[in-house]
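Here is a short briefing on a predicted model. Keep the sequence and the 3D view open as you read.

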Amino acid sequence: MGTHEGPCIEVNLNDRLDYFGTAVNLTARLEGQSRGGDIVISKSLAADPGVAALLECHALSERSAELRGFGAAVPFLRIDRSAGVPVVAGR
């Protein structure tokens with residue numbers, strides 16, 4: 001799973017909602033960095049105070065990768081779900 005946040009364009013195509021934009025593309029590229037059993041989070045999303053509070057109880061590893069469509073290496077955090085720490089949906 002990969003997560004990010006940001007503005008996007010929403011359109012109706014063939015009676016379906018679809019989303020476009022840099023934030024959507026980055027989310028898809030981050031998802032591609034997942035090894036399975038983990039959650040990949042953009043550094044900008046992890047820096048949000050509400051998200052940061054939820055991440056406090058998780059072991060995070062910091063990584064970066066060259067992602068298609070982005071000029072520089074993109075930093076991200078990885079939560080390894082196999083470590084046995086549950087993901088907290090809210091407090």
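A residue counts as buried when its relative accessible area is under 20%, and as exposed when that area is over 50%; partly exposed lies in between. Thr3 has a relative accessibility of 18%, so it is buried.

- Four strands form an open sheet in the order β1-β4-β6-β5, and their pairing is mixed.
- Strands β1 and β5 (60-65) are the edges, since each pairs on one side only.
- Strand β4 (residues 38-42) runs antiparallel to β6, and five bridges join the two.
- Within β6, Ile79 is the residue opposite Ile39.
- Strands of a sheet pair through backbone hydrogen bonds.

- Thr3 belongs to strand β1, which covers residues 2-3.
- Beyond its neighbours within four places in sequence, Thr3 touches Thr27, Leu30, Val40, Ile41, Ser42 and Leu45.
- Val74 belongs to strand β6, which covers residues 74-80.
- Val74 has a relative accessible area of 11%, so it is buried.
- Val74 and Ser42 are 32 residues apart along the chain, and their C-alpha atoms are separated by 8.2 Å.

**Salt bridges**
- The count of salt bridges is two.
- One of them joins the side chains of Arg78 and Asp38, at 2.7 Å from N to O.
- Arg78 sits in strand β6 and Asp38 in strand β4, so this pair ties together parts that are 40 residues apart in sequence.
- Both Arg78 and Asp38 are buried.
- Glu62 forms a salt bridge with Lys43, and their closest N and O atoms are 2.9 Å apart.
- That pair links distant parts of the chain, with Glu62 in strand β5 and Lys43 in helix α2 (residues 43-46), 19 residues apart.
- Is Glu62 buried or exposed? Its relative accessibility is 52%, so Glu62 is exposed.
- Lys43 is at 30% relative accessibility, so Lys43 is partly exposed.

**Cysteines**
- How many disulfides does the structure hold? The count is zero.
- Cys8 has a relative accessible area of 38%, so Cys8 is partly exposed.
- Cys57 is at 39% relative accessibility, and Cys57 also counts as partly exposed.

Conventions:
Residues are numbered from 1 along each chain as its sequence is written. This is a predicted model: local features need pLDDT of at least 70, side-chain atom pairs count only at pLDDT 80 or more; totals for chains, interfaces and linings use all residues. Side-chain values use heavy atoms; hydrogens and water are left out. Buried means under 20% relative accessible area, exposed over 50%, partly exposed in between (1.4 Å probe, protein chains only). Contact means heavy atoms within 4.5 Å. Two strands pair if DSSP finds at least two bridges between them. A disulfide is a pair of cysteine sulfur atoms within 2.5 Å. A salt bridge is a side-chain nitrogen of Lys or Arg within 4 Å of a carboxyl oxygen of Asp or Glu.
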